[in-house]
Amino acid sequence: MIDRRKTKQLNVGSVTVGGDAPISVQSMCTTKTADYNATLQQIAALAASGCDIVRVAVPDTDDVEALPMIARKSTIPVIADIHFQWKYALAALEAGCQGIRINPGNIKKHDKVALIGREAAARGVPIRVGANAGSLEKDMIAKHGGPTPEAIVEQAMNEVRLLEDVGFTDIKISVKHNDPLTMIESYRMIAALCDYPLHLGVTEAGTPTKGVMKSAIGIGTLLAEGIGDTIRVSLTADPVEEVKAGIGILETLGLRARGFDLVACPSCGRAEVDVFALATAVEQRLANIDVPMRVAVMGCVVNGPGEAREADVGVAAGKEKGQIFVKGEIVKTVPESDIVEELAREAEKLADELRAQGAEGGSPHVVRVAAQAQPVMQIGRRP
């Protein structure tokens, strides 16, 4: 069981963050915010992929002017990303943005930070603050000899205190670094210093090939330790890929049930079918299943029947045919050419049953397509 860190709870629009709320997945639009049509289209794509909260950059007045339309028409809460310009923060609040992200330190004027805090409090809007290894203040780097965990955490806490000084405590914190190990240590340190909810991320993680691995290590390690309330996988890619990766991390840890979990054997010399092609075809065919389901695709007689039997839906394939399992029982044996469609038919039938039982809302029931020989460790949700 993952024993999650006890934190304060806040609301980003309709999404609750912290406390015992589900861990939310965030991303950030790559469009120019001033182009509100393109931005809303990207937000729609992100929402469709499972994104819970979206952030938009607000570096210019044209972007500020687009915020009311975006905040009003977005189907998920919008956070305005503000730096330096205190007036933009006030404008974002007035525009109806459900959250703002600022660095109080780079606003400089304490009375303006106080003004932002008062306005945010009056509107029930939370503020995310924090430190990024790439934007630490020079004196902080000099004091600690570089962007160390100590430097990142000290700067983040300085930002928090600026808001606390004006009575504002509806705060989320991030302490990001591009090195997963430094990032992990930074979050561990700040988690021990306060009870504010934490937004996790490995900053500038890179392209999907490397970035997903870095993020899985950094974000996944902390989540397994119970640290973290909302996450973003920062990738040099379409932001939809960030959401998919974030959801994948949560699903792997048992912290979110969404769609189906495909278990497939890595293949070896014992395989009597093309497991790679079979697993890929099954994954594509079942991509639209929207209830928790685990499916197994196995390719040899050693581990295949056992893994397929343990899955909700599975196939043990070999010698040009496949045994289809449902809930541990063999329901049919089909030619190899029919495996994908027959497996899909059984999976979709079970999905219909689960929908009728109300499984869409994150039921603990999991349907599994087994395709590998390794047992699956499930980390239970904290009640």
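D81 touches M28, R55, V56, A57, V58 and R101, leaving aside residues up to four places away in sequence; contact here means heavy atoms within 4.5 Å. D81 sits in strand 5, residues 78–81. Strands (E, at least two residues) and helices (H or I, at least four) are DSSP runs, numbered from the N terminus. D81 counts as buried because its relative accessibility is 9%. Buried means under 20% relative accessible area, exposed over 50%, and partly exposed in between, with a 1.4 Å probe and protein chains only. The D81 side chain also makes a polar contact with the side chain of H83, at 3.2 Å. Such a contact is a pair of N or O atoms within 3.5 Å; within protein, one must be able to donate a hydrogen and the other to accept it, and residues adjacent in sequence count only if both atoms are side-chain atoms.

This is a predicted model: local features need pLDDT of at least 70, side-chain atom pairs count only at pLDDT 80 or more, and totals for chains, interfaces and linings use all residues. Residues are numbered from 1 along each chain as its sequence is written, and side-chain values use heavy atoms, without hydrogens or water.

Now the whole chain. The protein chain has 13 helices and 16 strands. Of its 383 residues, 53% are buried. Among contacts between residues at least 6 apart in sequence, 67% join residues at least 24 apart.

The C-alpha atoms of P68 and G96 are separated by 6.3 Å, although the two are 28 residues apart along the chain. P68 counts as partly exposed, because its relative accessibility is 31%.

Helix 5 spans residues 110–123. Its 14 residues reach 20 Å from first C-alpha to last, close to the 20 Å expected at 1.5 Å a residue; the expected span is 1.5 Å times one less than the number of residues. Its buried residues are K112, V113, A114, I116, G117 and A120. Their cover includes helix 3 (86–95), strand 6 (99–101), helix 4 (104–107), strand 7 (127–132) and helix 7 (149–164). Just after helix 5, G124 takes a positive phi of about 65 degrees.

Last, the cysteines. The count of disulfides comes to zero, a disulfide being a pair of cysteine sulfur atoms within 2.5 Å. The sulfur of C29 has its closest cysteine sulfur in C51, 8.3 Å away, too far for a bond. C29 is buried, at 8% relative accessible area. C51 is buried too, at 4% relative accessibility.
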